[in-house]
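Please read the points below alongside the sequence and the structure.

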Amino acid sequence: KAGELIEKFNSAGVVSKGVYLNQPEVWSGNGGRIAGHKVLVEPLIKGEYFKFNSNTGHAEPDSATMQALSHFSYHISILGSKNECERIVGN
């Protein structure tokens, strides 16, 4: 679902740069406390990363793209309103 939302966001042309999703994989645990459980594993990406926003409304400076994606995905997934998002971005 996240990939679909990001594709819609990129297609809407809200920002000049595209947003990309780091594709995780589902692994089956075979030892220790994860034995017999499925775990979601993201590939290792080198570099520094930080959290852009939080559920409590905190937003990091210079995170306008991620704020726009958060707002866009809220309207699409929670409110189910693609038309509202199109109105917001002016399409």
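1. Lys8 lies in helix H1; helices (H or I, at least four residues) are DSSP runs, numbered from the N terminus. This is a predicted model, in which local features need pLDDT of at least 70, side-chain atom pairs count only at pLDDT 80 or more, and totals for chains, interfaces and linings use all residues. Residues are numbered from 1 along each chain as its sequence is written, and side-chain values use heavy atoms, with hydrogens and water left out.

2. Lys8 counts as partly exposed, at 37% relative accessibility; buried means under 20% relative accessible area, exposed over 50%, and partly exposed in between (1.4 Å probe, protein chains only). Leaving aside neighbours within four places in sequence, Lys8 is in contact (heavy atoms within 4.5 Å) with Phe72 and Ile76. Lys8 and Phe72 are 64 residues apart along the chain, and their C-alpha atoms are separated by 9.1 Å.

3. The largest nonpolar core has 8 residues, among them Phe9, Leu69 and Phe72. A nonpolar core is a set of buried Ala, Val, Leu, Ile, Met, Phe, Trp, Tyr and Cys residues joined through side-chain atoms within 4.5 Å. Helix H1 (2-12) and H2 each give two or more residues to this core, and H1 gives the most, with 4 residues.

4. Not counting residues up to four places away in sequence, Phe9 touches Val14, Val15, Val19, Thr65, Ala68, Leu69 and Phe72.

5. Ser73 is found in helix H2 (residues 64-77) and is buried, with a relative accessible area of 19%. Beyond its neighbours within four places in sequence, Ser73 is in contact with Leu5 and Ile78.
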